Amino acid sequence: MKKPNVLFITTDQQRYDTIAALGNREIYTPHLNWLADEGISFTNCYSACPLCMPARATIMTGLQAQHHGLTGNDSNVLPMKGRATLPGILTANGYQTRAEGKMHFAPMRACYGFEHIDLPMDYFNEKRREGKASTRLHGVGENEVEPVINCMEERETLTHWIVDRSVDFVENRDPTRPFFLWTSFPKPHPPLDPLLQYWKLYEDAQIAPPEVGDWATDLSRAPLGFYRATFALNNSWRMTEEQLVRSKKAYYACITQIDYNLGILFARMRELNLLENTWIIFTSDHGDMMGDHRMGAKYNHLEGSCHVPLIIKPPAEFGSSVKEFAGQRCEKTVTLADLMPTILSICGAEYNGETDGTDLLRYRKTPEDRIFFGSCENRYFAVIDKGWKYLQTNCNGDELMFHLEEDPKELHDLSKDEAFAEKKEELKALLIREVERSNPGLVENGRLKVKDHLNTIGDVPRFPGLNTTVFPRDSFH
């Protein structure tokens, strides 16, 4: 039987609630809507270590960060070196494997099983050789959330370049082999610098302001341990609601550009009769707080940071649907570690090594749900069980607790409510057990050790992400 192709699409820092077909009627996402209408949306997908390099290593290995060893953006830790990887296994099974866009591997040029990779650095080098402007003429950093408008042509942008390279691959691939193509967009990760035509779509639109929980209205009383990344990377905590809404509009505009450009890739695949034998999978490495609770960036396990979209669309002739999949929603808890075993199963590639994931196409049909455990930088931890979420950080020892079934926006912290003390202790014990399993040195006498203290923004070194395109790196956005 002919093996299927896989088009794996990822964005960078796209939160779960940014697709019109899945509930956000403020945003334009026609082609992501098409995927959701024709496929299965896993509406409770989480990035257990919501940070670029660890999340991508999880996708590549099927292991969570605490198991593959990279818990932060650390180029000195090489979690894929010497390990079986998703593209490596597929290459060994006869697949032509290609990656276009941001990988954020270390070393930058490592392929880790891919036959060929084109990186954002290649785009910037190409523009420099051609004497053309690139998307980074402004000085806004890659962690800052202040919006800036790009007035350049669509065809000259990094987003379009990645799609153009992906189209080139499907047109000129080896037709005797099935393919695995990872199309990886660096957006909507800051800088929030959409093209003018996409900004215009949202400029005068009514966009809901960020959510602010009762525990975050007064920063002098807020659990500042969860604000470390915000204070270090951006100014969202000091921005007005109006300013944050503008940033949100720019964020949406970046997502819409990705979506519209995906229409080019999908159209070319249709013309090449590839949709009939290609699975399309869409997700993101992590989210962005986007001003919620006066936070920016990621790292912690609040919904905006770690809850991501995941859609799996099966092969089908354009204009027809697979009834088992079309428009289906699965509310079971899943993670990015599930992607590797799912894709390998789709491709008929056996792997008997260690993995933290499972084949989602089988898992969705089973009655059980799982407990989620998240760990990032050995600093932020969380568990989700039966609709309850408990978060703790070893910075200040701060904690939060939410009943997600009744409070999906995390507006009401129940960690200090005596009425829920028993539930908190139950979840806390579950979290401590998981932390101790992965890193016992972080626990002492059954409690999370307090690592450091954060009392004011002055306690955190600032890094707004100021980088030029001259220095070679694979995290340009």
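Predicted model: local features only at pLDDT ≥ 70, side-chain atom pairs only at ≥ 80, totals over all residues.
Residues are numbered from 1 along each chain as its sequence is written, and side-chain values use heavy atoms, with hydrogens and water left out.

The chain has 13 helices and 15 strands, these being DSSP runs numbered from the N terminus (helices H or I, at least four residues; strands E, at least two). For 477 residues, a compact globule would have a radius of gyration near 23 Å, and the 21 Å of the chain agrees with this; the radius is taken over C-alpha atoms, and the globule rule is 2.2 Å times the number of residues to the power 0.38. The C-alpha trace spans about 65 × 50 × 40 Å along its principal axes. Of the 477 residues, 62% count as buried, where buried means under 20% relative accessible area, exposed over 50%, and partly exposed in between (1.4 Å probe, protein chains only).

Tyr202 is placed in helix α7 (residues 196-202) and counts as buried because its relative accessibility is 0%. Leaving aside neighbours within four places in sequence, Tyr202 is in contact (heavy atoms within 4.5 Å) with residues including Tyr28, Ile207, Lys249 and Tyr252. Tyr28, in the loop between β1 (5-12) and α1 (30-38), is partly exposed, with a relative accessible area of 41%.

By the rule that a side-chain nitrogen of Lys or Arg lies within 4 Å of a carboxyl oxygen of Asp or Glu, the count comes to 38 salt bridges. One of them joins the side chains of Arg98 and Asp118 (4.0 Å, N to O); Arg98 lies in strand β3 (residues 96-101) and Asp118 in strand β4 (residues 116-118), so the pair ties together parts that are 20 residues apart in sequence. Arg98 counts as buried at 15% relative accessibility, and Asp118 counts as buried at 9%. A salt bridge also joins the side chains of Glu324 and Arg364 (2.6 Å, N to O), and this pair ties together parts that are 40 residues apart in sequence, Glu324 being in the loop between β8 (310-313) and β9 (328-335) and Arg364 in the loop between α12 (360-363) and β10 (372-376). Glu324 is partly exposed, with a relative accessible area of 40%, whereas Arg364 counts as buried at 19% relative accessibility.
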